[in-house]
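Please study the sequence and the model before reading each worked solution.

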Amino acid sequence: MVEYIKSYLDSTTTPGQAGNMFWASVYILLIFLGLSVAVIAMNWLERKILAHMQVRLGPMRVGPHGLLQPIADAIKLLIKEDIMPSQADAFVFWVAPIVVVITAFTVFIVVPFGPTHAVTDMNIGVLFMLGVSSLSVLGIVMAGWASNSHYPLMGALRSSAQMVSYEIAMGLAVVSAVLMTSLNATGTGTLSMIGIVQSQQAQQIWFAFKFFPLGLIAFFVFAVAMVAETNRAPFDLPEAESELTAGFHTEYSGFRWSLFFLAEYSAMIAVSSIAVTLWLGGWLRPFPHLLSGSTWDLGFSLLPGITFLLLGLMAFVGVFRMPKHPYFRVQTIGLGGFGVVLGLIGLLLFLPPVRDRIQDIFWFAAKVAFFMYLYIWYRGTFPRYRFDQLMKVGWKVLLPVGIGVLILTAVAGVLL
Amino acid sequence: MVPITTLHYLVVAAALFVLGVIGVLTRRNVVIVLMSIELILNAVNLNLVAFSRIYGLHGQIFAIFVITDAAAEAAVGLGILIAFFRNKETVNMDEVDLLKW
Amino acid sequence: MQPVATTFFFYFLSGLTLIAGVLVITRRNPIHSALALILALLGQAGLYLMLYAPFVAGVQIILYAGGIMVLFLFVIMLVNIEKSQREEQFNKQWVVGILAAVALGVLFVLVYTKGRSLFPERVAQLPEQSNTQEIAVMLYGNYMFTFEIASLLLLVAIIGAVVMAKKRI
């Protein structure tokens, strides 16, 4: 058994390519668990960070510093009554959240956490991700139509028009990144996600910094389009409460609403993974050639452990600042336990065998976490776009800029 | 079991084609007729790609062009439908008879 | 990479596609027909993957299921009136229509089975890993003219659709 696991850990291809069904299923299970944990963490982080940006505290009561708030929310959503409008189309009403969740989760088959840590490495990885995320529009249209009510229908039509418009800008930005993969030694580009990161490794530059302003402009076009694609602020008119009473998921309650919520956060993580893979070098650590050598490698490999130890330290600082009153005894002990767990994970990540294997996953997760922080920052900072301004930005600003970047990248790739 | 040969894919494509033709010839709703036309185009595409496995990549390229043409035709067809619906408030094919003598 | 359970997946995907095709032509509600057509298109993308054509499968999912069907759903929501769902769904000559289509199908099957000896059953070795690259070489090499004509066709379609759907030209 242990030899089987060891023999797998030394393999050089993804489980999908090796045809190894067992390990592919293990990876899929790990992705499900990881996404659930990530969505719960995102919920807590969003409320706390948004609150701190607005000079208030956020949830503080449920657990220590509100750490158990997402679990309380999940329990509340699960025990809520499941309402279906009387004239609604029952089958389509039932199928819509399922379609949205399935398309949000299926994207993670091709997301590479490392050179061999993907469920499979399809030849058309980027095309597959774009296609599956364009299928989520269908789920939203179905949800809005099946609710048989004005606000969801308006919200669904606006949301799907917005998503379809920004998909085009996303596609153009993606094509200019894929164009840059063909500038390596062999002269052939690739659409596979692992191939794109390996191409960045071979060309020794992240694509965001290639051909100086062009890669950056393409990256910004994708970053703006991906925020609009996931219906997040400042493009969240279709689901804003002051405008459309929660848009296409107005009539959904309880577990069905939590499926939409899960799908929204998973889609955010999915498009951030695409952005990280295409422009920010996937699992590569910063400056692998400039700061090379065994001491720099050792220093960078200690970072995961140091991160978790810092988080544990923050938890202990919180413990010392807790009010010294018997009411807070349980919370203090809970926060202390949480800090101890984080510290133990940090110490575990210092061990050499774990340290070497966790590098790729840590850097990928750190970059995606940076994007999640950007999402929350946008929500706390920017005012909402009006719908005609939104469509104007999508068609009249991002699309011409995307086409221009594509042409200039092609010209630069040939000339330089 | 008998291994899956090209003939199996051709039979599936023929069945899809027949379903599309039935849809075009028997339904009254214009939108469903347009969707049956899309089924016919898909059957043709499946045929092309099935043969491309024997004869090389030309079939797949033809299939890509057929998909592009299907998109263009669906867009224009639905535009015509919207223009007609604005005039007559119906999507019944039997009432598309403005040019009848 | 070895294919897994080819027979099962072929029957499953083709059964899914055909059942969805039957649902497209028989449903009363056009939205249900559109959803069944989406299912048929996704099943067909699976069949393309089995035929070692991953690029065409990806293009089918993005363009057909993610683009054309969204367009259909929008238009159905614009023209969906309750009256059309309570009317007669099949027109007067449905018997002749079905007979003609079935005759066409029988003709196809006869042509295939009698002409089976004409096309060789050898499978061309299409390497799957570089399918996209080879399509690109052919598309921009041999078929460059066709590619440009297709882009012109799309431009004509855009202008046509915009003019058709305008309220005042």
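Two residues are in contact if their C-beta atoms, placed from the backbone, lie within 7 Å. This is a predicted model, in which local features need pLDDT of at least 70, side-chain atom pairs count only at pLDDT 80 or more, and totals for chains, interfaces and linings use all residues. Residues are numbered from 1 along each chain as its sequence is written, and chains are lettered from A and ligands numbered from 1 in the order in which they are written.

**Exercise 1. Contacts between chains**

Task: Determine which of the 2 pairs of chains in contact shares the most contacts, and describe the side of chain B that touches chain C.

Solution. 

Step 1. Chains B and C share the most contacts of the 2 pairs in contact. Chain B contributes 64 residues and chain C contributes 75 residues.

Step 2. Helices (H or I, at least four residues) and strands (E, at least two) are DSSP runs, numbered from the N terminus. In chain B, α1 (6-26), α2 (30-55) and α3 (58-88) each supply at least two residues of the side that touches chain C. The largest share, 21 residues, belongs to α3(B).

Step 3. For the composition, Ala, Val, Leu, Ile, Met, Phe, Trp, Tyr, Cys and Pro count as nonpolar, Asp, Glu, Lys and Arg as charged, and the others, Gly among them, as polar. On this basis the side of chain B that touches chain C has 44 nonpolar, 14 polar and 6 charged residues.

Step 4. Chain A and chain B, by comparison, do not touch, and their nearest C-alpha atoms are 14 Å apart.

**Exercise 2. The contact of chain A with chain C**

Task: State which helix gives the most residues to the side of chain A that touches chain C.

Solution. 

Step 1. The contact takes 20 residues from chain A and 21 residues from chain C.

Step 2. Both α6 (125-146) and α7 (150-181) of chain A supply at least two residues of this side. The most, 10 residues, come from α6(A).

Step 3. The side of chain A that touches chain C divides into 13 nonpolar, 7 polar and no charged residues.

**Exercise 3. Two helix pairs in chain A**

Task: Classify the packing of α5(A) with α11(A) and of α7(A) with α9(A) as roughly parallel or roughly antiparallel.

Solution. 

Step 1. Axes are lines fitted to C-alpha atoms, for helices over the stretch in contact, and angles run from 0 to 180 degrees between N-to-C directions. Angles under 35 degrees count as roughly parallel, over 145 as roughly antiparallel, 65 to 115 as roughly perpendicular and the rest as oblique.

Step 2. The axes of α5 (residues 90-106) and α11 (residues 255-279) of chain A come within 8 Å and cross at roughly 25 degrees. Therefore α5(A) is roughly parallel to α11(A).

Step 3. The axes of α7(A) and α9 (residues 212-229) of chain A are 8 Å apart, at an angle of about 155 degrees. Therefore α7(A) and α9(A) are roughly antiparallel.

Step 4. A crossing is left-handed if the near helix is turned anticlockwise from the far one by less than a right angle, and right-handed if clockwise. The crossing of α5(A) and α11(A) is left-handed, and α7(A) passes α9(A) in a left-handed crossing.

Step 5. The residues of the contact of α7(A) with α9(A) divide into 13 nonpolar, 2 polar and 2 charged.
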